[in-house]
Amino acid sequence: MELKIVELVPPEGCNVILCQSHFIKTVEDVHEALVTSVPGLKFGLAFCESSGPCLVRHSGTDSGLEEFAAKKALEIGAGHSLLILIKGAYPINVLNRIKEITEICNIFAATANPLQIVLAETEQGRGILGVVDGFKSQGIETEKDVAWRKEFLRKIGYKL
């Protein structure tokens, strides 16, 4: 077994959701869930098929995001992994819909941070062991930091 790391830096203004799924139907089901969750959502998704021709299946509403997702999914190459890039919404807007899809087994990350995807590669293929999401914690928030957090959540409309 060999350990590998694939770097993923989301395109400007994008969030990434990295999942594990289990069936070719995932592409259409996730596409439908996304377009019905947030009107006008721009996204690209790619699914690593793990049997038959083992292709990267893809879809989306934004050709640039779809192309990015497909190329990055091929680089990841882990069977049944699913990569979604969204623009114009946050993961919080779509995660529950994605979790409701019967093919979704696991969600590894939902973030705008750079990711390091930790993979194990064997003679058979690749699997995602986990992710490094963003950066190491630097300290504990102060009262000033609490005030900033609360103000930020109100500024973006998630709190009254």
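Select residues 26-37, helix α1: its twelve residues at 1.5 Å a residue should span 16 Å, and the end C-alpha atoms are 16 Å apart, so the two agree. The expected span is 1.5 Å times one less than the number of residues. Helices (H or I, at least four residues) and strands (E, at least two) are DSSP runs, numbered from the N terminus.

This is a predicted model, in which local features need pLDDT of at least 70, side-chain atom pairs count only at pLDDT 80 or more, and totals for chains, interfaces and linings use all residues. Residues are numbered from 1 along each chain as its sequence is written, and side-chain values use heavy atoms, without hydrogens and water.

Next, show the strands. They form an open sheet of five in the order β4-β3-β5-β2-β6, with antiparallel pairing; two strands pair if DSSP finds at least two bridges between them. Because β4 (56-60) and β6 (106-111) are at the edges with a single partner strand each, one side of each has no neighbour in the sheet.

Now zoom in on β3 (residues 42-48), which five bridges join to antiparallel β4. Find G44: its bridge partner in β4 is G60.

Finally, select residues 63-76, helix α2, which packs on the sheet and touches β2 (14-20), β3, β4 and β5.

Notes:
Contact = heavy atoms within 4.5 Å. Axes fitted to C-alpha atoms, helices over the stretch in contact; angles between N-to-C directions.
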